Amino acid sequence: MTDKTFATSVFFTLAIGGNDLGAFHTCDGLGAQVEVETYAEGGNNGFAWQLPGRVTWSNITLTRPVTSDTAKIARWLDELVRRVEPKNGEIVALKPDLSRIVSWQVLGIVPVRWQGPSFDPSSSRAATETLEIAHEGLRPA
């Protein structure tokens with residue numbers, strides 16, 4: 001880790017297609033939803049079958065204060081502007097001592113949105129950036 005000091009008890013690192021995009025304070029949206037089709041069987045009025053269908057994956061949003069890692073996202077996005085290609089990656093939850101808590105393999109990542117820092121001299125809040133990614137699925141790493 002470079003110049004990062006984290007006040008939180010957990011932080012997350014993100015790597016996509018071999019590119020280390022650095023550490024983030026928050027990670028939101030790790031989740032899936034299964035569509036369920038209800039099927040009422042004729043002659044059996046006591047219940048209806050719940051048949052699992054398609055799985056949809058939530059977009060993942062990562063946020064952090066601006067650090068030297070901000071340039072890593074700019075370089076990654078610059079590569080994608082020339083050729084958008086879904087790539088696999090990994091999100092790792094770490095303790096402040098850098099020991100792993102849990103990690104996820106993220107399949108088929110594409111960027112959805114990057115929100116760069118807003119600087120407000122009248123505010124004491126740190127300038128933050130947000131990266132939102134879409135993906136094709138999660139697996140335990």
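Me: What is pLDDT, and how confident is the predictor in this chain?
Reply: pLDDT is the predictor's confidence in each residue, from 0 to 100, and in this chain its mean is 89, with 94% of the residues reaching 70 or more. This is a predicted model, in which local features need pLDDT of at least 70 and side-chain atom pairs count only at 80 or more, while totals for chains, interfaces and linings use all residues. Residues are numbered from 1 along each chain as its sequence is written, and side-chain values use heavy atoms, with hydrogens and water left out.

Me: Why is strand β4 said to lie largely in the open?
Reply: Buried means under 20% relative accessible area, exposed over 50% and partly exposed in between, with a 1.4 Å probe and protein chains only. Of the 8 residues of β4 (residues 32–39), the number buried is 0, so the strand lies largely in the open.

Me: What makes β4 and β5 a pair?
Reply: Two strands (DSSP runs of E, at least two residues, numbered from the N terminus) pair if DSSP finds at least two bridges between them. Since 7 bridges join β4 to β5 (residues 49–57), the two count as paired, and they run antiparallel.

Me: How do you know that the buried residues of helix α1 line one face?
Reply: In α1, a DSSP run of H or I with at least four residues, the buried residues are Thr70, Ile73, Trp76 and Leu80. Seen down the helix axis, they fall within an arc of 120° (taken from the directions from the axis to the C-beta atoms), so they line one face of α1. The face turned away from that buried side carries the exposed residues Arg75 and Arg82.
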